[in-house]
Amino acid sequence: MFRNHPTARYILTRGGWYFLTFLVAVTINFFLPRLGPSNPVDIILAKAGGVSDNATRQKEESYLKEFGLAEVDKSGNVLRDAKDAPVRTSAWKQFGNYIFMSLKGDLGTSFMSYPKKVTEIIKTAVPWTIALQLPAILLAWIVGNVLGALAAYRRGIFDKVFFPLALGANSIPFFAFGMLLVYLLGILWPIFPAVGGYDGGLNPSFSLIFFGSVMYHYILPFMSLFIIFTGGQAIGMRSMCIYELGTDYVKYAKWLGISESKVLFYMFRNAMLPQLTGLALSLGVMIGGALITEMIFSYPGIGMAVLSAIQNNDYPLIQGCTLLITVSVLIANFTVDILIGFLDPRVKAGRGVK
Amino acid sequence: MPIFEVDNLSLHYLTRFGDKIPAVSGVSFSMEKGEVLGIAGESGCGKSTLVNGCMGLFIPPLNPTSGDVRVAGESIMGRTPRDIRKNVLARKVAMIPQGAFNSLNPTRKIKDLAADMIASHEQGVNKKEIYGRLRERFILIGMDADSVLSAFPIQLTAGTRQRCVIGISTLLNPQVVIADEPTSALDVSTQKSVIKMIFDLLDKGIFSSMIFITHELPLLRHVADRIAVMYAGEFAELGTTQQVIFDPRHPYTRALMGAMLSAEPGQKQKKPTAIEGAPPNLAKPITGCRFAARCPEARPDCKTTTQVIRIVGGREVRCAYAE
Amino acid sequence: MLFRNVFKITVLCVLCIVGLGCNGKKQQAQNGATDFPREKTIYLGGDQWGEPNTFNPLCDWPAWPVHGKTDLLYEPLMVFNSLTGDMEPLLAHSLEKTPDVISVILNSRAKWSDGVPLTAEDVVFSYEIGKNYKNAPMNYAAVVDFVSDVTVEKVPDPLTGGKTQAEKIHFVVNKKARNNPLIVLDQLQDVRILPKHSIEPMLQKLNNDFTAFQKEKLDKDPVVSGPYNLDSYSSEKIVLKRRDDYWGNVALRGNRKPAPEYFIHPIYKSNDHFSVALQQGNLDVSMTYIPRIWMKAKDNVGTWYKRAPYFVPGCMPLMLINFTRYPLSDKNFRLAMASAINYTEIKDLAISGYTPEIKPGLIMPYGIEKKFFSDEDAQKYGAHFDTVAAKRLLREAGFKSIFDKDGNLVQMTDAKGKKVPTLLITSPAGWSDWEAMVKIAVKDMRAVGIDIREGFVDASLYWQALPFGKFDLLMYKPLPEATPSKPWSQLDHIMSSRNWKPEGERMNENQGRYNNPKGKNYNRAVDSLLLAIPHIMDDAELIKAYRALNVIFMQDQPALPLAYLPEQFYEFSTKHWTNWATEDNPYAPPQPPFYAAGIKMLWELKRAK
Amino acid sequence: MKIFLNLLKSPSFLIGISLFFLTICFAVFFPFFYHIDVRTMGVPMTPPCREHWLGTNHLGIDMISLLVRGLRSSLYVGFLAGIMATIVGTLLGVYAGFKGGWQDEVITLITNIFVVIPQFVVLVLISASMKEGRSLTLIAIIIAFTSWTWSARAVRAQSSSLKSRDHIALARVNGNGTLKIVLYQILPYLLSYVFMVFIIQTASGIISESCISMIGLGPYDTVSLGTILNEAMRNEALSDGAWWAFVPATVLISVIVFAFYVINTSMEGVFNPRLRK
């Protein structure tokens, strides 16, 4: 099939492959949180506290039903076993429902902020996270690559100074760097706000003032991510380029007396391609780090949603967020794959084969 | 007046730890118009280094120690890298590297690579006329220009790639072309056609003389007018093809001939089995004959007395006892 | 050259971001225009974590300010003053209590935000939600067990000197169920009165499916009776706006409005963000535990007392002990634990010395409980920090401890020479002060040879361990709020074996399974006292009863009280608002300015110069 | 052998290795002349002074003592994770790369899948589900589980390129068994490479540990650099300006990781001649 449309076939095969990965991810996503011993309803009830016992029993049943954690008979009452404990729904059955619902775009109801829908929570959180991370990652990627390439090509003093710096930046954990920034620029010498995504006295709106305030609060978190990402990217690019510089085609280009800038460009372009893949792959790690940064700066976004959800075994929310992250990373990888396919003639040619 | 002269050229590498490793020492030869000089020797004997030296291309850590290189009488030594790049490379001395598989930028179309090359030697040439020139040259050298030029290397066969390399390298009609194992990594039939092509170009006068480098002495039999046998950075023997192939005087050349005849083709990377031991480590200072350690006919004093070039039977030999 | 340009552009972008940021700062500095002018806004923190989920008072844990401990939107009949111990009027006044009936008179001027008068109908409706619907939130559902009937009669209104009629409401104590008038008093401030005329129709529209109704968020200007109403909310903050037509301004507050027009609760991610905000003046009141408060004095952050202990004791964090597990069932062992712990260190290190020394027993020698506390009992029966005594007790009980050469406990064996299993202390996540208490307690107990360790800190584990008694020891804070029923409710919560169940079955109180009724050494006195106290009206009798109970507690040590903590932390910043209630100016109790008698403060606050 | 001498000649390698040993010495030898005690509590958040060179934390526990303990456990986690990830990765990678065929297909598929699934997600999910008894070792295992794929990919690429080399072809012709070839022909060539992979894995292991500790999923009932940071964060070291509670830990983590990276790059420089200047 598609024998005469190599491109289409390429895209299809990649797509299929990513779908497989997606399924695996979803499965992990569902079962891992359930390895733990915990039962959310008990937690909810314990937190609700209270002095009336039959009220507690009523609640237990209604929540078990609500979250589909217990078997229900025809008349809609929770089944109870000999010891009068409710009969729990099997994990597989829950998994089935979960898949079915998520395909319908319903990620369920959060246990902890019942009756709020997970999708609701994520919807409000995601824009912040994207606004924080996308620029940081992309800009850092470009800046890092260019600097790395220069370091590799120029060598000499620039390299000697720049490379250790990049390496150093790369060795500081995201959040630790964030903490330092908060302490130095937010508290010790408070020129930037230490917490929050915008001024407390504002409501989100499209006013200039709000935008300004957002930007003002944006600097520290952005920098804390940007600088470290840049370091990491630069290092990768540097060694990539050094490798490219050693290749035959660069030698030949030099023998041909092709101008330096041209050779530099060759090297840069070819080193860029693996870097692109590298970016897509390391996205998962980056996002992870960035989420913790959100926590440090008390910055709105899914970072905190995930973390508090974990604290409270809020399965639906955990899964919602992790699923979101996974999917976005998968999509990123997929796009990069396709992109590479068009940018790199080697892959393009390889397409027809296998 | 010789078109290309190398005068007692010595080169060394500067290691990152600051010590010099002599790679080529005291090499001299000169070439007339239309002449083909073959240089043979096992891998690591300094051929490739010599090549860079001949082009005045000193990329660190390679540095000139002494000597001079002249193209049509004018020296190319001691020039700025930029000058070398613009006026020597590909114009006076061009290079046809080995392993055509990788020497073309995989993400650049043939024509673009060539265009880049021309553009970086000549000011104010527009793409259109460049492509024009390319087409006619490629047709001239007998290639299906249109399909090849607008292809990526990966889409071409090894043979075609090597032809492209040759085509590009000779675009600016250089005086001297250095072909470093131009046919390695090619199957026998392709080898023949590629060699043929190179000589066509020579006959067409697109370039006027050629240095042909290989480690297969026998291969030179058909291509070279004169042959230099290189060992451990020195010329061991330099004479006409007749002399070197059929009547070698230097023990190394003899051994090499023996080895090559016994060695089956295809096993290129293999060292001459007939010769015991390995070439000396150039990083350490060497006294006496560099081949002495492996020489079947070594005399006691070979290890101590440094060998100089002698004229024996009408060719240069670096051996005190050759006659 | 292509990528050079790209590079330039990128660098520009980065610079832009920084530039814009600083510019944004300037803008705000120049035209300090905000949606909520700082001088009209009070910022309060620490009572709402995570995402605001719903503002439906009939949900189990709606967001601030609708959840159980706020009187800004929906108001209770009366509020408790933790300082004086009185019930103060809010929607109702003139409280009368007998062991059988509690009655109040409804304030005839009370109105809903939509102008409809707030009548006894609403009260009856609110009190009978538990009876009429399944799965009502606890404070409504619990009514059933304590109030058998709510009756209304018209009486002359004392406020108008009898010129007009007012509705007197009688809450008949439910003799068949818990038969406990004290809790009925609590419910006067626990049960927020809801607008029948707006909620009942909604319920009917959903044909009385209560669970469906609980999905309604009620966040679009709900019908309320309180001084504020919901303005807007997001995952970063909740904003309330003052209701200038609040009935209480005239009826209760001498025709004044609350000082702040806006009431904002920012939602930060962790404790320290609140204290940063507080010390930077972005927050006016915080309900969070802020260690080393004295370091913040310079940033004009204040507390009830100017100097140590800074706060008024209000509740008692303690360790529940699981009586169904050996060796915790051994009395001497428990007493040894009690006297092994260095309470002073806990006070000074874990809670920054925020309350006075703790005294033995479950009754605090402070506030309303003071009169029930007897120092001589405490001296006589109470366990104090005394390692020698602790070691002796252990020895007498036949426990032996083996230490390694550098004094670390290896293990402990009992009288039969069997190894005593290592005990674990379960504690909830995210409360650094509690974790510190546990650390110290563990250190001390190990020092006297008790093999005990901190359990893994995790909220979900904690909340499951608690009701089912799946723990050795467990950090717990019984009923922190100041209520009329204290200290009875506290004692009852720890000691009552009213519905004692074995480990693994749910218990809502006495989760340590103390005093098993079917056990051989069941102490009948405990339960009978607990049953009697709510009905004793004579103070002398009451004191006797309480002392007796407290003595039993000290002798049996069913739990290990570790320290006193404030009822609710209440730190304020005088940067933007002044005249907070403090020791020197105690016009309101040390309660947050949105809860119970603390709400008075809103009318007294002054803008800082 | 000579190559290792070159290593010793390369300055960056020396810097890296000395930094590394410096930290090690801090963990191992510092206790000999500084009284390490993570039990006694004193005045909370004391600034650095004579008896507490780096002050105390929120419980008045000596910071240096905590740092020494923390460094030890962090290194332990890092190395354990690194070793496990490298061994598993290398074995699978070499096997797949050399054996080829369907085994290769399968292993590659698995690794690719796990490389694409965000590491952070798996990390969080696992550590969140492992409630009780979350020891240092368990943390290390979790980290290894999420990171072995990287080494597997890298090694596979290398070994499959080696496969075509003559001497291995020769060994094959001589009819040596796969295992024998892998052990005697392939691994030696990969050794330097594998070692570099190991270094990187260890470094990232240390960082991962601090990350999960930071979000409160770290090891329990023990001190690690990550937990120190977490505690500092949760006990308001920042707002109190108690820099000593978190800066030293940050520095320590960064220094170790930096050291590892430097060592790695210098080795690259020596083992991979192309990178040589």
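Two strands are taken to pair if DSSP finds at least two bridges between them. Helices (H or I, at least four residues) and strands (E, at least two) are DSSP runs, numbered from the N terminus. The structure is a predicted model: local features need pLDDT of at least 70, side-chain atom pairs count only at pLDDT 80 or more, and totals for chains, interfaces and linings use all residues. Residues are numbered from 1 along each chain as its sequence is written, and chains are lettered from A and ligands numbered from 1 in the order in which they are written.

In chain B, strand β6 (residues 93-96) runs parallel to strand β7 (residues 176-180), and 4 bridges join them. Met95(B) has Ile178(B) of β7(B) as its bridge partner. Both faces of β6(B) are covered. Val93(B) and Met95(B) lie on one side, Ala94(B) and Ile96(B) on the other, and all are buried. A residue counts as buried if 20 or more other C-beta atoms lie within 10 Å of its own, as exposed if 12 or fewer do, and as partly exposed in between, with C-beta atoms placed from the backbone.

Helix α1 (residues 47-55) of chain B has 7 of its 9 residues buried, so it is largely enclosed by the rest of the structure. The buried residues are Lys47(B), Leu50(B), Val51(B), Asn52(B), Gly53(B), Cys54(B) and Met55(B). Gly56(B) follows α1(B) and has a positive phi, near 70°.

Two residues are in contact if their C-beta atoms, placed from the backbone, lie within 7 Å. Leaving aside neighbours within four places in sequence, Met319(C) is in contact with Ile425(C), Leu473(C), Leu474(C), Met475(C), Ala559(C), Leu560(C) and Leu562(C).

Chain C holds an open sheet of 5 strands in the order β18-β17-β19-β14-β20, with mixed pairing. Strands β18 (452-454) and β20 (559-561) of chain C stand at the edges, each with a single partner strand, so one side of each is left without a neighbour in the sheet. Neighbouring strands are turned by 25° against each other on average, direction ignored. Axes are lines fitted to C-alpha atoms, for helices over the stretch in contact, and angles run from 0 to 180 degrees between N-to-C directions. Strand β17 (residues 423-426) of chain C pairs with β18(C) in the parallel sense over 3 bridges. Leu423(C) stands opposite Ile452(C) of β18(C).

Strand β1(C) is mostly covered, with 5 of its 5 residues buried. Thr41(C), Tyr43(C) and Gly45(C) point one way, Ile42(C) and Leu44(C) the other. β1(C) runs parallel to β10(C), joined by 3 bridges. There, Ile42(C) has Phe263(C) as its bridge partner. β1(C) also runs parallel to strand β11 (residues 285-286) of chain C, joined by 2 bridges.

Of the 5 pairs of chains in contact, chains A and C share the most contacts. Their contact takes 67 residues from chain C and 63 residues from chain A. Several elements of chain C each supply at least two residues to the side that touches chain A, among them β1 (41-45), β10 (262-266) and α15 (459-468). α1(C) gives the largest share of that side, 16 residues. By class, this side of chain C has 30 nonpolar, 25 polar and 12 charged residues. Here Ala, Val, Leu, Ile, Met, Phe, Trp, Tyr, Cys and Pro count as nonpolar, Asp, Glu, Lys and Arg as charged, and the others, Gly among them, as polar.

The contact between chains D and C takes 20 residues from chain D and 23 residues from chain C. The side of chain D that touches chain C has 7 nonpolar, 5 polar and 8 charged residues. No contact joins chain B and chain C, and their closest C-alpha atoms lie 14 Å apart.

In chain D, the axes of helix α9 (residues 178-214) and helix α10 (residues 225-234) come within 7 Å and cross at roughly 30°. The contact has 3 nonpolar, 5 polar and 1 charged residues.
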